[in-house]
Amino acid sequence: MKTMRYWSVRHARGLHWLYQGLETLLVFLHPVLNWVGYERLETPFSRLESAVKGLLFDSQSCGQCTLGNTGMACPMNCPKTLRNGPCGGVRADGGCEIQPEMTCVWVTAWEGSQKLGNQESTIQIIQPPLDVRNKGTSAWLRATRKKVAENHAV
Ligand code: SF4
């Protein structure tokens, strides 16, 4: 739903803080998650994540979430699925080249990134190509395991 998508971008800062809190909690709970088994948790987590992100961001559940770097705007809503945008076709009024009734996803991503304060430069990070094997999997669990590995490496 575009209304919720735009609301989320307008409230990017609060939602980003909320996500950081969730990530901190999941990292703290890593021993429990590990004991239960990440594989076993994959289905319930991916379903919950898909419902929450679908409602707030029109997420396409790519499993390779960039929301924190794209002003809480999901780049998978771009008709060209550009993960590094925008394309050259953005209209003068900010509309999408392919779907003129929609504001270009990268215009909203830029607006959201401005609300993230010192996080705004993250929108300039070049995103790697989409790994389609991650589709439908939990980006939350993947991010948790990555963070735990990084903490252990320090
Ligand atoms: S105008 Fe924006 S949303 Fe539309 S195809 Fe180009 S980059 Fe994607």
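Predicted model: local features only at pLDDT ≥ 70, side-chain atom pairs only at ≥ 80, totals over all residues.

## Salt bridges in the model

The structure holds four salt bridges, and three of these pairs are described here: R5 with D58, E97 with K80, and R133 with D131.

## The pair R5 and D58

R5 and D58 are joined through their side chains in a salt bridge, with a distance of 3.0 Å from N to O. This pair links distant parts of the chain, since R5 belongs to helix 1, which covers residues 2–10, while D58 lies in the loop between helix 4 (38–57) and helix 5 (105–114), and the two are 53 residues apart.

Both partners are set away from solvent by the accessibility criterion: R5 has a relative accessible area of 11% and is buried, and D58, with a relative accessible area of 13%, is buried as well. Each is called buried because its value falls under the 20% relative accessible area that marks the limit of that class.

## The pair E97 and K80

In the salt bridge between K80 and E97, the closest N and O atoms are 2.7 Å apart. Here too the pair links distant parts of the chain, although E97 and K80 are both found in the loop between helix 4 and helix 5, at a separation of 17 residues.

As for accessibility, E97 counts as partly exposed at 34% relative accessibility, and K80, whose relative accessible area is 37%, is likewise partly exposed.

## The pair R133 and D131

The side chains of D131 and R133 also meet in a salt bridge, with an N to O distance of 2.8 Å. R133 is exposed, having a relative accessible area of 69%, whereas D131 counts as partly exposed at 24% relative accessibility.

How many disulfides does the model contain? The count comes to zero, and C62 illustrates the reasoning: the closest cysteine sulfur to that of C62 is in C74, at 6.1 Å, which is too far for a bond.

Are C62 and C78 buried or exposed? C62 counts as buried at 11% relative accessibility, and C78 is also buried, with a relative accessible area of 10%.

Definitions and conventions: Residues numbered from 1 in each chain as written. Heavy atoms only, no water. Helix = DSSP H or I, 4+ residues; strand = E, 2+ residues; numbered from the N terminus. Buried < 20%, exposed > 50% of the residue type's maximum accessible area, 1.4 Å probe, protein only. Disulfide = S-S within 2.5 Å.
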